[in-house]
Amino acid sequence: MQNAIIIRGAREHNLKNISISIPRQAVTVITGPSGSGKSSLAIDTIYAEGQRRYVESLSPYSRQFLEQMQKPEVDSIEGLSPSVAIDQKTVSRSPRSTLGTITEIYDYLRVLYTRLGKAFCYNCGTEISTQEAKSIVKSVLALPEGTRIQILSPIVRDRKGNYRKELQEMRSEGYVRARIDGQMKDLTQDIILAKQKRHTIEIVIDRFIVKGGIERQLNDAVETAFRYADALIVNLADESKDILFSKTAACPACGISYPEIVPRFFSFNSSAGACPSCNGLGYEHALEESPDMDPQDVCRECSGLRLKKEALSVRFQGINIAEFSAMSVEQALAFLRKMRLTERERIIASRIVKEINDRLVFLTKVGIGYLPLDRPSLTLSGGESQRVRLATQIGSSLTGVLYVLDEPSIGLHPGDCAKLLESLSAIKNAGNTVIVVEHDEETIRWADHVVDMGPGAGTRGGWVVAEGSPADIMKAENSPTGKYLSGAMRIPIPEKRRSADDFIVIEGASEHNLKNIDVKIPLKTFTCVTGVSGSGKSTLVFDILYRAAENSFSKVGQMARQPGRHARITGLARIDNVISVDQSPIGRTPRSNPATYTGFFSLIRDLFSLVADAKKRGYTSSRFSFNVEGGRCESCRGNGLIKVEMHFLPDVYVQCDKCRGKRYNDETLEVRYRDRNIAEVLDMTVAEALLFFENIPHLRKKLELLDGIGLGYLQLGQAATTLSGGESQRIRLSRELGKRSTGNTLYILDEPTTGLHFVDIQRLLDVINMLVDRGNTVVVIEHNLDIIKSADHLIDLGPGGGDHGGRIIAEGTPETVSRTRSSYTGTFLRERLLSR
């Protein structure tokens, strides 16, 4: 086997026909300025080729379901292993998906509760016991005289299949009616069921009118029903109501029967276990495809726990499955260690508990032990999502695999980074190769091999500036990364810190894990909120401060989101507006891009409509829109790409064959402005467009803002689906900067250094300081020490994550916090300040 992956002639995106060797069974970090070609090399070339080869290795039968994937622009790659990409976008965004479901922990919990759970009556709390035919007959005869009933035997419950054999057997035994999926059917007719759908089949055993003298016939019907299933249904025909009876589970006090307890009984994704009111979503009026859930709209029937009351009344070690799922990863680990089992229970549970325990340990190792198991996956940050996937890969025990990771340190406090590096070491030591796209200084210093891309972004990037060990990179004269690592270049510490006369004061903050804290945020300064992952930063800044400020400026009748729990907030009257700049996508389809989002694409379309050729053809600015009919390519409807469902692989977008990704039809592309057509303009980078439109003041101003915050390498028409969270956030920031400022605005930024190289961080600091110098207040959640050391005021939360967090450990200037011995942030900050 080769000891290296050898890439020759890589030309994807801005790569300059580079050739490079990456050692196998080692950790290689690919770094460099934003837009220098790191992801083009790691994701779009190496991983993409690995995925393409995997698809080609499948049988012709399997390949017919997968369209041909495009080969990356590269001459050859040798020594390539099967590839797995762990990025920030591949965790399910369904409201049904939770941390427990995507790690399979919840699946094992369902088996555990099936095997060892004890059912209690949800009405009176009595333990459920078996029920005999005699007691069932007695309950039925207690119904009002004259009640019309049907005795049904559920031979199939919520399972996939066409069940032709079972239906034929029932016909041969003389049964003529069945209720199938809620509809009464005549068994003498041919019944065709979809094999891939779930079905419930209930055979009508007999029908009665409740009156004296039917005891014997009723008893026969009950016993017959139990021949086919462990439960039976008494259907009250006139009320369209069912009463369930079970020979295995019923309350001796109330007579309430329970269905057979099987794993799907605890699934909120199955009708067998899901709360009927919210359909297992935990929220009323929620839609399956909606990622937005209003916390005030929690389902009243299940209290947001998603399950039927019968499932919630099954307990193991004194708690139900929803209560187990509400625990954090660390709490669940402690619970499993402390539980006491009988010898019988230990034999039954040993394998199940081991699987659960192993997964919990892996999650702790990657620094997310503070997350609860019922945390919806759509609320996970990009970094958290990536570390969840990393934890599942550690547990997979694969060897000989190439893992490609995209900035796994995002959202990690410097104190947590060591856990991440240990996890990457474990993957490498199992015989795998790891490639990491990363800017984090500690990760770069720790790597076995470093590839430094650059020297600039976009067309000025795409070269390998330096490669070798971290020590080799530090000696390379042309490497900006090496100069920062060696200390030859550094981000300076401010000569003076701003002080404040006025404050926003939050009193009694107690949402989530916040411990009734009081917080002062100085106005007209740059404040950084720090702390380990899960310490309460986002809860304080977004759930309380931002929502309270947003509500104070909302108009009468506007829908307001309720702020997190707190006693009161003062000082909001001293600001005029609040703007949150987060990392959510600027759009969810390839139609959205930097040009459309920031608004300057309409100016470009207006310019094209004024060209003499366009006027002669009668083209207006709408002709140059790819969102409406007329000028766009109708084959891809202006997307330039066609979405291909990959079934058991993530969906991919492939270039449209007709327009070759240009989005427009040939007639529209014939119109040229300064010898460029509209598609060629969209292909320009921000930096190229800035030169091209330098004489158009409105356009130049918007492009200068994008270039000024380190996005000069982005293409104007780059699809929103390809942008990282950090890039989306900086595009949002540029749009806000383009608006007329009155000062007195509160800007809230969530980890704005995501995706930024050392070179780019200074640009971001320049923007933040510009905002503050205009009289605004900037509050930033951040882990990057260069940003933290540059702030005027720090609020450090901790000391740990989850229940171990939520307290103010230190506050004040960076110098003050660095002297606080109990602060993790202060410990790392002290070293950074001393290196000035």
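Biologist: What comes after helix 11?
Modeller: Gly-367 follows helix 11, and its phi is positive, near 85 degrees. Keep in mind that this is a predicted model.

Biologist: And where does helix 11 bend?
Modeller: At Ala-349, by about 55 degrees. Helix 11 covers residues 343-365 and reaches 31 Å from its first C-alpha to its last, close to the 33 Å expected. Ala-349 is also one of its buried residues, which include Glu-345, Arg-359 and Phe-362.

Biologist: New topic: what volume does the second largest pocket have?
Modeller: About 900 Å³. Among the 30 residues lining that pocket, Leu-244, Pro-259, Ser-271, Ala-272 and Lys-308 are the closest to its centre.

Biologist: How many of the lining residues are charged?
Modeller: Twelve, alongside 13 nonpolar and five polar ones. Elements that each supply at least two lining residues include strand 7 and helix 8.

Biologist: Which peptide bond is cis at Pro-455?
Modeller: The one from Gly-454, with omega near 0 degrees. Pro-455 sits in the loop between strand 16 and strand 17. Another cis bond joins Gly-798 and Pro-799, with omega about 5 degrees.

Biologist: Is Arg-663 buried or exposed?
Modeller: Arg-663 counts as buried, because its relative accessibility is 7% and the cut-off is under 20%. Arg-663 also has a positive phi of about 80 degrees despite not being a glycine. Most residues other than glycine have a negative phi.

Biologist: What about Gln-25, what is its phi?
Modeller: Positive too, near 50 degrees, but Gln-25 is partly exposed at 47% relative accessible area.

Technical notes. Residues are numbered from 1 along each chain as its sequence is written. This is a predicted model: local features need pLDDT of at least 70, side-chain atom pairs count only at pLDDT 80 or more; totals for chains, interfaces and linings use all residues. Side-chain values use heavy atoms; hydrogens and water are left out. Helices (H or I, at least four residues) and strands (E, at least two) are DSSP runs, numbered from the N terminus. The expected span of a helix is 1.5 Å times one less than its number of residues. The bend at a residue is the angle between axes fitted to the seven residues ending there and the seven starting there. Buried means under 20% relative accessible area, exposed over 50%, partly exposed in between (1.4 Å probe, protein chains only). On a 1 Å grid over the protein atoms alone, a cavity is a set of points where a 1.4 Å probe fits but cannot get out, and a pocket is an open set with protein on both sides within 12 Å along at least five of seven lines; lining residues have an atom within 4 Å of a point. Grid points are joined across faces, edges and corners, and a volume is the space filled by probe spheres set on the points. Ala, Val, Leu, Ile, Met, Phe, Trp, Tyr, Cys and Pro count as nonpolar, Asp, Glu, Lys and Arg as charged, and the others, Gly among them, as polar.
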